[in-house]
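Trainee: Hi! Could you walk me through this one while I have it open?
Mentor: Happy to, just ask as you go.

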Amino acid sequence: MLDVIKRAYAARGDGDLEGLVAAFHPQGSFNLVGDRSALHLTGSVEGHPTLREAFGQFIAHFDFQKREILTELVDGNRVAVQSRMVIRHNPSGKVFSTEILDLFKFQDGKIVELVEFADTALVKAIIS
């Protein structure tokens, strides 16, 4: 599971949309936790077509320049990963640092669920 996650992280860092989506189960979901009325990027998407669309937008707008994995916890088919990130908001050119917590659930060797906790207030300030 950690290898799948690291390949997905590498694909995301390289801007490899298809490599990122390939890490997900066909019915896999991604949920950026937060108040959708405060930040339109939050919410959940499910299935390869919608994952491809959402991740494509994220890749276009946010360049993950550096990821330092701080913690990895594995329990059965679940993994938690805490990362320290350096991210560039492409439209504005602003670069910022933040921490992210990813909670993964696996099925059939693929990510079936990814719930991501990020500093959405910071993201909102950066993109405003």
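Trainee: What covers the buried residues of α3?
Mentor: This is a predicted model. In it, the cover over the buried residues of α3 includes the helices α1 (2-14) and α2 (17-22), along with the strands β1 (24-32), β2 (43-46) and β3 (62-75).

Trainee: And which residues of α3 are buried?
Mentor: Leu51, Ala54, Phe55, Phe58 and Ile59. They sit on the same side of α3, because the arc they cover around the axis is only 135 degrees.

Trainee: Is there a general reason for that kind of spacing, or where should I look for one?
Mentor: Look at the helix geometry: an α-helix has 3.6 residues a turn, so residues three or four places apart point the same way.

Trainee: What's on the face turned away from the buried side of α3?
Mentor: That face carries Pro49 and Glu53, which are exposed.

Trainee: How many residues does α3 have, and how far does it reach?
Mentor: α3 covers residues 48-61, so to speak 14 residues. From first C-alpha to last it reaches 20 Å, close to the 20 Å expected at 1.5 Å a residue.

Trainee: Let's switch to α1. Which of its residues are buried?
Mentor: Val4, Ile5, Ala8, Tyr9, Ala11 and Arg12. Down the axis of α1 they fall within an arc of 160 degrees, so they line one face of the helix. Turned away from that buried side are the exposed residues Asp3, Arg7 and Asp14.

Trainee: What covers the buried residues of α1?
Mentor: The cover includes α2 and α3, and also β3, β4 (78-89), β5 and β6.

Trainee: Which residues does Arg12 touch, then?
Mentor: Leaving aside residues up to four places away in sequence, Arg12 touches Leu20, Phe58, Ile59, Phe62 and Phe64. Phe58 and Ile59 are also among the buried residues of α3.

Trainee: How many salt bridges does the count come to?
Mentor: The count comes to 6. One of them joins the side chains of Glu72 and Lys6, at 3.5 Å from N to O. That pair links distant parts of the chain, with Glu72 in strand β3 and Lys6 in helix α1, 66 residues apart.

Trainee: What about Arg67, which partner does it have in a salt bridge?
Mentor: Asp102, with the closest N and O atoms 4.0 Å apart. Arg67 lies in strand β3 and Asp102 in strand β5, so the pair ties together parts 35 residues apart in sequence. Arg67 is partly exposed at 24% relative accessible area, whereas Asp102 is buried at 1%.

Trainee: And Glu113?
Mentor: Its side chain meets that of Arg78 in a salt bridge of 3.9 Å, N to O. Glu113 is in strand β6 and Arg78 in strand β4, so this pair ties together parts that are 35 residues apart in sequence. Glu113 is partly exposed at 29%, and Arg78 is partly exposed at 41%. Elsewhere, salt bridges with shared partners join Glu68, Arg84 and Glu99 into one network.

Trainee: New topic, backbone. Where is Asp108?
Mentor: In the loop between β5 (94-107) and β6 (110-117). Its phi is positive, about 55 degrees, although Asp108 is not a glycine. Most residues other than glycine have a negative phi. Asp108 is also exposed, with a relative accessible area of 66%.

Trainee: Last one, the whole fold. How many helices and strands does the protein have?
Mentor: It has 4 helices and 6 strands, running α-α-β-β-α-β-β-β-β-α from the N terminus. The radius of gyration is 14 Å, close to the 14 Å that the globule rule gives for 128 residues, so the protein is as compact as a globular protein of that length. Of those 128 residues, 36% count as buried.

Technical notes. Residues numbered from 1 in each chain as written. Predicted model: local features only at pLDDT ≥ 70, side-chain atom pairs only at ≥ 80, totals over all residues. Heavy atoms only, no water. Helix = DSSP H or I, 4+ residues; strand = E, 2+ residues; numbered from the N terminus. Expected span 1.5 Å × (residues − 1). Buried < 20%, exposed > 50% of the residue type's maximum accessible area, 1.4 Å probe, protein only. Arc of directions from axis to C-beta. Contact = heavy atoms within 4.5 Å. Rg over C-alpha atoms; globule rule 2.2 N^0.38 Å.
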